[in-house]
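Hello,

Here is the structure we talked about. Please open it alongside this note, which goes through what was found.

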Amino acid sequence: MLKLLSCEEAEELLKSFKLPGTSWIEDVKKRNKNYRIMVNTGNRKEIAQIANTLMRKERELSLKKQKLYDQDRKLLHTIQNLLFKEISACLDTSVEEILEQVNDMINE
């Protein structure tokens, strides 16, 4: 079980979406394996980097009228549900507000 996220950590995680995420791995199987290993460590900074990377890739692909692979989309959805709920609880706001803030940072 992980210790609770502090408000300072939540702010830091939220600000991390202004930066590029982790490196994109072209091979789908390797990417899925590596990203899942990183998520399973429970390191919130790494999880935020993966979410950042997947959200940026999703945006890039949508501009080309393409979509993320199902594995990437499912992983992103899982991360967003868990991480954004935790951040929103710490910052006393809604998950939707956190998602909107993150999308604004990614779209800059």
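This is a predicted model: local features need pLDDT of at least 70, side-chain atom pairs count only at pLDDT 80 or more; totals for chains, interfaces and linings use all residues.

**The overall fold**

The protein chain has five helices and zero strands. Along the sequence, the pattern reads α-α-α-α-α. The radius of gyration is 13 Å, close to the 13 Å that the globule rule gives for 108 residues, so the chain is as compact as a globular protein of that length. Its C-alpha trace spans about 35 × 30 × 20 Å along the principal axes. Of the 108 residues, 34% count as buried. Now take the contacts with a separation of 6 or more: residues 24 or more positions apart account for 68% of them.

**Helix H5**

Helix H5 covers residues 95–107, 13 residues in total. From first C-alpha to last it reaches 18 Å, close to the 18 Å expected at 1.5 Å a residue. Which of its residues are buried? They are Ile-98, Val-102, Met-105 and Ile-106. These four cover an arc of only 100° around the axis, which puts them on the same side of H5. The background is simple. An α-helix has 3.6 residues a turn, so residues three or four places apart point the same way. What covers the buried residues of H5 includes helix H1 (7–15), helix H3 (44–63) and helix H4 (70–90).

**Phe-17**

Phe-17 sits in the loop between H1 and helix H2 (28–41). Is Phe-17 buried or exposed? Its relative accessible area is 0%, so Phe-17 is buried. What does it touch, beyond residues up to four places away in sequence? The list is Ala-48, Ala-51, Asn-52, Met-55, Arg-56, Phe-84, Val-102, Met-105 and Ile-106. Val-102, Met-105 and Ile-106 are also among the buried residues of H5. For a sense of distance, take Phe-17 and Ala-89. They are 72 residues apart in sequence and 18 Å apart in space, C-alpha to C-alpha.

Arg-31 lies in helix H2. This arginine is buried, at a relative accessible area of 1%. Its side chain is joined to that of Asp-72 by a polar contact of 2.8 Å. Leaving aside neighbours within four places in sequence, Arg-31 is in contact with Trp-24, Ile-25, Glu-26, Tyr-69 and Asp-72.

Thr-53 belongs to helix H3. Thr-53 is buried too, with a relative accessible area of 7%. Not counting residues up to four places away in sequence, Thr-53 touches Gly-21, Thr-22, Trp-24 and Tyr-35.

Where is Lys-65? It is found in the loop between H3 and H4. At 78% relative accessibility, Lys-65 counts as exposed.

Asp-92 is found in the loop between H4 and H5. Asp-92 is not a glycine, yet its phi is positive, about 50°. At 73% relative accessibility, Asp-92 counts as exposed.

Best wishes

Notes
Residues are numbered from 1 along each chain as its sequence is written. Side-chain values use heavy atoms; hydrogens and water are left out. Helices (H or I, at least four residues) and strands (E, at least two) are DSSP runs, numbered from the N terminus. The expected span of a helix is 1.5 Å times one less than its number of residues. Buried means under 20% relative accessible area, exposed over 50%, partly exposed in between (1.4 Å probe, protein chains only). The arc is that of the directions from the helix axis to the C-beta atoms. Contact means heavy atoms within 4.5 Å. A polar contact is a pair of N or O atoms within 3.5 Å; within protein, one must be able to donate a hydrogen and the other to accept it, and residues adjacent in sequence count only if both atoms are side-chain atoms. The radius of gyration is taken over C-alpha atoms; the globule rule is 2.2 Å times the number of residues to the power 0.38.
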